[in-house]
Amino acid sequence: MALPDDLAEEAQALRQRLDDWNYQYYVLDDPTVPDAEYDRCMARLRELEQAHPELQRADSPTQRVGGAPLDKFRQVAHEVPMLSLDNAFDAGDMLDFNRRLLDRLGEGDRVIEFACEPKLDGIAVSLLYRGGLLERGATRGDGTTGEDITHNVRTIRSIPLHLRGSGYPAMLEVRGEIYMPRAGFEALNRRARERDEKTFVNPRNAAAGSLRQLDAKITAERPLEMCCYGVGRVEGGELPDRHAEVLDCLREWGFRVNPESRVVQGIEACDAYYEELAQRRQALPYDIDGIVFKVNDLALQRRLGFVSRAPRWAIARKFPAQEEMTRLLDVEFQVGRTGAITPVARLEPVFVGGVTVSNATLHNSDEILRLGVMIGDTVIVRRAGDVIPQVVSVVTAERPADARAVSFPDRCPVCGSVVERAEDEAVIRCMGGLVCAAQQKAAIKHFASRRAMDIEGLGDKLVEQLVDEGLVENVAGLFHLERERLLQLERMGEKSVDNLLAAIEASKQTTLARFIFALGIREVGEATALNLARHFGNWEQLAAASTEQLLQVADVGPVVADHLAQFFASASSMAVVSALRQAGVCWPDLEVTPVEDLPLAGQTWVVTGKLEAMGRDEAKMRLQSLGAKVAGSVSAKTRCVVAGPGAGSKLARAAELDVEVIDEAAFLKLLDRHGVEI
């Protein structure tokens, strides 16, 4: 039986009306109807959709919450990395920032136009719209990879399920901050206290915890909001050439944009805006931890480009870190994966920046000497950038008569092995190696981590248990764990044990690069591990390499070569490698071509701008695998420049020297032509 036209029209009218009211209430802060009328319309639409399922649409207001809870979060790779921002802490830092901009632009007398936005203390997210419909929501994560939280962002009413109006690109990635207003945070904690449940420490933690719920129904009950601050990937359409105008478009398409945002002329006006908002900070209905300043002209942004993992054209001026005084009760010493012994201050608990702090870093013995700190002192504790607690100074006038000096151990506090300090290091290290339980635990945690052997389910607490119970002494012991013994551990049921054993078994099939990285050799990160794997092709060649041969590998200098040589000369380390291979850990060997025979041998390349298919580090590694040397600046010796969006002075320098420039598409074709995996 065909659906009557009048019912379809009524459902569409109700959806439009509810969307308009949502936009007025959650985005414009200008409600136009009483809650009772909103509820009546929602009930009627839900009634129609239940009676006629063919009326249901994914972007209907009734579909913000639905479906069964997830088992786990899926990983999402950001096609355009979500970069972090450099920080400024005072007016001098801002002047330096402005000077760097002018120097790079070569226009010393220019007055730059800045877009200013409050830096919300929340969780950065990416929202992907295709054809105007919300397709995916993801956390920032590490900037390259985040977690799929689509089911949760759909519950937030200031996030449109479909874009309003017209003129938006076919594919649009919107970026913003999800946060919890103070009033909502206080109400949430009040309800928790009434139910005798655990309360949240601050709004940011509450927002993060809400987005980490596997059951979207819980997220839907939390008072979350989102303000957008920019865009990422854009296809099938064009946006304005000013950042502030892009935000205006996003507002028209249904997003909340912070009403405190402003465009100003010149760095002095940025300082005035900062001081004004600092005065009103506590009166705002949400927490902010600073102000973000961006060059407003997008063409200038592209000329300025990026450095490392941050854009040159933006900076976050942080509000002064909150500080409190407390008493240093004791200093304990923690041992890391490489044996580094770090002093940790045990403090009389103090509330700083929304968090109760009872521990703080003291870094190393040099820092303790610089501070002149003694046990029993009254100290000033700061949460640097509102994140990491640290002791910043001593109130010597309050020093008690029984204060005592901090004494560094001459033996490892965990295993009792001797400790040493290299001449060129401030760090004291335990020399016990794998005899040391602390180093065992840290080594196993690193070995099992996602970017190493990726053993899902082997968390820090479980590693602590395994070592403390004597079930593993080193990473090779993971592959000999017995099901019955694991079932005897606290909080380990049959499903957890079976999943863990399956993950350990699956991890045996790996790559040479991952295996090298997982071993935790000092100074050997992911990029160096990949270079070593590609250079030598198999483990036997690598382990037998001389220092001279190691130094021929890209990114391997004397220090890294020495650490590698020490590892290969260590009987205990090589015994662990042998045990891992006997347990079945394996990888395919790589085909090695002499450097002089590689297609780009002897050529110098430069990578600049933002690449969408891969990060610049990945591009660099792929070029090196073809024999190229990758430099950080363009010179007369440069053979070619790979330029993505945001390429700045390097592009101009290449044109000046008549150096070939290719875009990312041409670069990908080059890699494909030479059989390099993308």
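**Exercise 1. A charged surface patch**

Which residues form a positive surface patch?

*Solution.* The model is predicted, with local features requiring pLDDT of at least 70 and side-chain atom pairs pLDDT 80 or more, whereas totals for chains, interfaces and linings use all residues. Residues are numbered from 1 along each chain as its sequence is written, and side-chain values use heavy atoms, leaving out hydrogens and water.

Step 1. Recall the rule for patches: they consist of residues with over 30% relative accessible area and no salt bridge, where like charges are joined within 9 Å and nonpolar side chains (Val, Leu, Ile, Met, Phe, Trp, Tyr) within 5 Å. Lys and Arg count as positive, Asp and Glu as negative, while His and the chain ends are not counted. The place of a charge is NZ of Lys, CZ of Arg, CG of Asp or CD of Glu. Accessible areas come from the Shrake-Rupley method with a 1.4 Å probe, and for residues only the protein chains shown count as cover.

Step 2. Read off the members: Arg-190, Arg-191, Arg-193 and Arg-195 form the positive patch.

Step 3. Locate one member. Arg-190 lies in helix 5, which spans residues 182-194. Helices (H or I, at least four residues) and strands (E, at least two) are DSSP runs numbered from the N terminus.

Step 4. Classify Arg-190. A residue is buried under 20% relative accessible area, exposed over 50%, and partly exposed in between (1.4 Å probe, protein chains only). Arg-190 is partly exposed because its relative accessibility is 44%.

**Exercise 2. The surroundings of strand 7**

Determine how strand 7 is covered and with which strands it pairs.

*Solution.* Step 1. Strand 7 comprises residues 171-179, and nine of its nine residues are buried.

Step 1. Consider the two faces separately. On one side, Met-171, Glu-173, Arg-175, Glu-177 and Tyr-179 are buried; on the other, Leu-172, Val-174, Gly-176 and Ile-178 are buried as well.

Step 2. Identify the partners. Strands of a sheet pair through backbone hydrogen bonds, either parallel or antiparallel. Pairing is assigned if DSSP finds at least two bridges between two strands. Strand 4 (residues 123-130) pairs with strand 7 in the antiparallel sense over eight bridges, and Leu-128 stands opposite Glu-173 of strand 7. Strand 8 (residues 225-235) also pairs with strand 7 in the antiparallel sense over eight bridges; here Val-174 stands opposite Val-231 of strand 8.

**Exercise 3. Salt bridges**

State how many salt bridges the whole structure holds, and describe three of them.

*Solution.* Step 1. A salt bridge is a side-chain nitrogen of Lys or Arg within 4 Å of a carboxyl oxygen of Asp or Glu. A search of the whole structure finds 43.

Step 1. Glu-47 and Arg-44 form one, with their closest N and O atoms 2.9 Å apart. Both residues belong to helix 2 (residues 35-51), three residues apart, or about one turn of the helix. Glu-47 is partly exposed because its relative accessibility is 47%, and Arg-44 is partly exposed at 26%.

Step 2. In the bridge between Arg-399 and Asp-377, the closest N and O atoms are 2.7 Å apart. This pair links distant parts of the chain, 22 residues apart: Arg-399 is in the loop between strand 19 (388-394) and strand 20 (404-405), and Asp-377 is in the loop between strand 17 (374-375) and strand 18 (378-384). Arg-399 is partly exposed at 31%, whereas Asp-377 is buried, with a relative accessible area of 0%.

Step 3. Arg-639 and Glu-660 form a further bridge, the closest N and O atoms being 2.6 Å apart. Arg-639 lies in strand 25 (residues 638-643) and Glu-660 in strand 26 (residues 660-662), so the pair links distant parts of the chain, 21 residues apart.
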